Amino acid sequence: MPKITIIMPSLNVAKYIRACMESVLAQTIQDIEVLAIDAGSDDGTMEILQEYAAMDRRVRLIHSDRKSYGYQLNKGITLAQGKYIGIVETDDVIHPDMYEVLYQAAESRGTDYAKGVAEAFMETSIGEDIRHSIKVFPQESYDAGGGIVVLTPKKHPELVLADFYLWSGIYKKEFLQGIRLNESAGAAYQDIGFMLQVHSKAKQAVYLDRLVYRYRTDNTASSCQNRKAFRYLVQEYEYVEQLLQGKAKAWYSVCYCKLFRQTRERIFTMARSGVFWEEAVPDIYSLTIKMQKAIQDGVLTKEYMEESEWDEITSLLENPRQLYDAYGETFHNKLNIMRSLFEKVKDRRAVIFGCGNWGRFCHILLDKRKHGTVLAYCDNDAAKYQSMVQGVEVLGLPQAVRKYPDAQYVIAGKYHTGEMREQLNAMGIEDGQITEYTLGVDETLFLAEVTEAAEEIG
């Protein structure tokens with residue numbers, strides 16, 4: 001019996017599958033079984049998987065006769081021979097010791113599942129990925145000692161709102177008996193019902209403050225970008241409503257709060273496209289009816305929501321187009337900020353003041369508009385001097401000004417921007433040579449269509 005079975009559902013991911021499979025086969029724990037379950041790829045994915053199955057006996061290629069993520073995973077769970085089961089999305093990559101770390105954590109504590117931290121990433125042309133971590137745990141309220149949280153999930157319905165990635169952990173196969181994913185068509189949202197069952201049934205789980213998984217956010221073919229996403233959401237919550245029967249009110253509350261948040265995300269995606277998807281209206285209406293009834297039944301309340309979210313749900317229930325318009329305005333305001341940045345830089349070369357996440361993301365936008373725009377970074381942290389970030393050097397401010405006196409200086413930081421401007425002024429850089437980047441590392445700017453829009457703006 002292998003220690004871990006890793007299920008890898010695939011459909012037309014030839015662009016990403018090699019990097020994904022290499023990260024799985026390079027795991028420090030060698031006693032693994034890999035079930036590559038393909039749903040009829042026709043872009044070369046199948047041939048690549050056949051290569052790996054031929055050269056590594058741990059890989060089994062399985063053909064799925066249905067294009068359903070839920071069906072593929074259910075099939076994999078049934079066929080798995082490992083003591084634990086892990087799941088890897090085939091456009092993602094995992095850290096080399098992911099499964100060894102999680103296996104040891106689960107075995108030493110006898111838990112139903114063990115999970116780590118996920119990190120979102122987007123590939124860039126600059127030589128580094130832009131990334132940020134999604135820390136599910138630990139939280140202070142769970143008394144995380146040494147970066148480890150051990151708890152009883154079925155006593156914590158709020159996990160539904162905090163821990164929503166099924167692929168950032170491993171699950172004891174014995175525990176998964178009787179837990180199934182919805183086998184609806186497509187590959188969106190079937191993890192919702194799965195995670196609800198996991199959280200409401202698990203007697204013990206361990207969460208580690210350890211980065212183990214990197215998930216891609218720049219795959220525009222992802223099903224969550226599909227115009228059918230509202231339909232997938234309706235189908236999944238019909239399944240969730242069946243699973244909720246007989247459960248305590250708190251489980252209903254968190255699930256409907258999550259339903260709102262996911263509906264909101266899809267409306268923002270629609271607003272970003274610039275077109276109201278008329279074909280989605282019946283499904284949006286079905287979702288709003290579910291939320292309205294949950295409010296009337298006292299299930300969907302402010303308890304698990306921010307004040308701003310309650311205002312948004314009110315707007316959504318009054319008229320979805322109101323929320324669409326508001327999100328569209330927000331998105332176009334971001335484009336206007338990019339437009340302003342590009343206008344100020346124009347054909348000049350730039351030095352970015354601040355080489356943190358904001359500065360690196362600003363670099364990506366500027367490079368997308370015109371390759372080679374950024375000459376260097378400057379920073380007040382002397383420990384960073386002479387290092388290279390995304391292919392350009394990091395200088396001290398005096399050195400940068402001496403070397404690039406005519407450059408446009410872009411302040412990229414959340415704090416101390418006023419002081420940074422004063423420093424530049426004191427060095428002889430006039431306000432006309434200074435601009436501020438305020439977009440931060442924004443999820444909506446991770447997707448390719450936004451940086452393509454930046455090109456058009458430029």
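Helix α12 buries Leu323, Tyr324, Tyr327, Gly328, Phe331, Lys334, Leu335, Met338, Leu341, Phe342 and Val345, where buried means under 20% relative accessible area, exposed over 50% and partly exposed in between, with a 1.4 Å probe and protein chains only. The model is predicted, local features need pLDDT of at least 70, side-chain atom pairs count only at pLDDT 80 or more, and totals for chains, interfaces and linings use all residues. Residues are numbered from 1 along each chain as its sequence is written, and side-chain values use heavy atoms, with hydrogens and water left out.

Helices and strands are DSSP runs numbered from the N terminus (helices H or I, at least four residues; strands E, at least two). An α-helix has 3.6 residues a turn, so residues three or four places apart point the same way. The expected span of a helix is 1.5 Å times one less than its number of residues. For the 26 residues of α12 (residues 320-345) this gives 38 Å, and the end C-alpha atoms are 38 Å apart, which agrees. Just after α12, Lys346 has a positive phi of about 50°. Arg321 lies over the face of Phe276, at 3.9 Å from the ring centre; the criterion is NZ of Lys or CZ of Arg within 6 Å of the ring centre and within 35 degrees of the ring normal.

In helix α3 (residues 69-79), eight of the eleven residues are buried, among them Tyr69, Gln72 and Ile77. Elements covering these buried residues include β1 (4-10), β2 (32-38) and α7 (190-201), with contact taken as heavy atoms within 4.5 Å.

Twelve aromatic pairs are counted. Rings of Phe, Tyr and Trp (its six-membered ring) pair if their centres lie within 6.5 Å; planes under 30 degrees apart count as stacked, over 60 as edge-to-face and the rest as tilted. Two of the pairs are tabulated below.

| Pair | Centre distance | Plane angle and class |
|---|---|---|
| Tyr165 and Tyr215 | 5.2 Å | 45°, tilted |
| Trp167 and Tyr213 | 4.5 Å | 20°, stacked |

Tyr165 lies in the loop between α5 (159-162) and β9 (169-172) and Tyr215 in strand β10 (residues 205-216), so this pair ties together parts 50 residues apart in sequence. Trp167 and Tyr213 are 46 residues apart. Trp167 is buried at 7% relative accessible area, and Tyr213 at 0%. Ring pairs link Phe164, Tyr165, Trp167, Tyr213 and Tyr215 into a cluster.

An open sheet of six strands runs β13-β14-β12-β11-β15-β16, with mixed pairing; two strands pair if DSSP finds at least two bridges between them. Its edge strands are β13 (388-389) and β16 (434-437).
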